[in-house]
Amino acid sequence: MTSFRLHKAAALLVVIIALAIGSTAPVTARDSSHSKHVTKRIALMTSQKAAMDVLTGMTAGRSTFDRSQARAARKQLIRSTGSIRKHFRKPQLDPRSNARPLIWHAWKDFKTRAETAKAAAKDLNTRSLSGLRRTLPGLMQSCLSCHETYRSTPNSFTTH
């Protein structure tokens, strides 16, 4: 009974966090007025969202747990969270960006949060569904924490 409640609570948490993160469709239009750095940031965050969708789908029961897919998503998240600092180093904004200027005023904190996300991605247990359910909330919380502080509420037509 306790195990069922734990799984139910974890599934509810996944749904709530997915709704909080929102939809992030990739932006593909290239316009000379747009920053290539912001384009790369959008691609980075879109790839993270795709990997998170794979893992949250498994933990919520929307898809069957597949160890190799979970491992591939984990690997993508480790790689992408490791490059967050690089992609946000230059304080460039354009209309597609949801990055708050606070990132560059509180750079040390932003870097710390990026490192926390990378550590949480490394800590993901993709060997079993129960391991994934136990470790995914830590990564989700690190993403949400950073987004709550450093990401503006997106418009319906923009991403990160």
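Predicted model: local features only at pLDDT ≥ 70, side-chain atom pairs only at ≥ 80, totals over all residues.
Q: What makes Arg-96 and Asp-94 a salt bridge?
A: The closest N and O atoms of Arg-96 and Asp-94 are 3.0 Å apart. The rule asks for a side-chain nitrogen of Lys or Arg within 4 Å of a carboxyl oxygen of Asp or Glu, so this pair passes.

Q: How many salt bridges does this rule give?
A: The count comes to 4. Let's look at another one, in helix 2.

Q: Why do the side chains of Lys-49 and Asp-53 count as a salt bridge?
A: Their N to O distance is 2.9 Å. The cut-off is 4 Å, so Lys-49 and Asp-53 make it. They sit 4 residues apart in helix 2, which means that about one helical turn separates them.

Q: Buried, partly exposed or exposed: what is Lys-49 called, and what about Asp-53?
A: Lys-49 has 18% relative accessibility, and buried means under 20%, so Lys-49 counts as buried. Asp-53 has a relative accessible area of 38%, which falls between 20% and 50%, so Asp-53 is partly exposed.

Q: How do you know that Glu-115 and Arg-85 meet in a salt bridge?
A: Here the N to O distance between the side chains is 3.6 Å, and that is within 4 Å, so the pair qualifies. Glu-115 lies in helix 6 (residues 107-122) and Arg-85 in helix 4, so this bridge ties together parts that are 30 residues apart in sequence.

Q: Buried, partly exposed or exposed: what do Glu-115 and Arg-85 count as?
A: Glu-115 comes in at 35% relative accessibility, so it lands between the 20% and 50% cut-offs and counts as partly exposed. Arg-85, at 34%, falls in that range too, so Arg-85 is also partly exposed.

Q: Why is Thr-64 called exposed?
A: At 67% relative accessibility, Thr-64 is over the 50% cut-off, so it counts as exposed. Thr-64 is in the loop between helix 2 (36-60) and helix 3 (67-82). Its C-alpha atom is 9.3 Å from that of Leu-129, a residue 65 places away along the chain.

Q: What makes Asn-125 buried?
A: Asn-125 has a relative accessible area of 11%, and anything under 20% is buried, so that's the label it gets. Asn-125 is in the loop between helix 6 and helix 7. If we skip neighbours within four places in sequence, Asn-125 is in contact with Gly-131, Leu-132, Arg-134 and Thr-135.

Q: Why is Ser-152 called partly exposed?
A: Ser-152 has 27% relative accessibility, which sits between 20% and 50%, so partly exposed it is. Look for Ser-152 in the segment after helix 7 (129-150).

Q: Which residues is Ser-152 in contact with, leaving aside its neighbours within four places in sequence?
A: They are Asn-98 and Arg-100. Contact here means heavy atoms within 4.5 Å. The C-alpha atoms of Ser-152 and Asn-98 are separated by 5.0 Å, with the two residues 54 apart along the chain.

Definitions and conventions:
Residues numbered from 1 in each chain as written. Heavy atoms only, no water. Helix = DSSP H or I, 4+ residues; strand = E, 2+ residues; numbered from the N terminus. Buried < 20%, exposed > 50% of the residue type's maximum accessible area, 1.4 Å probe, protein only.
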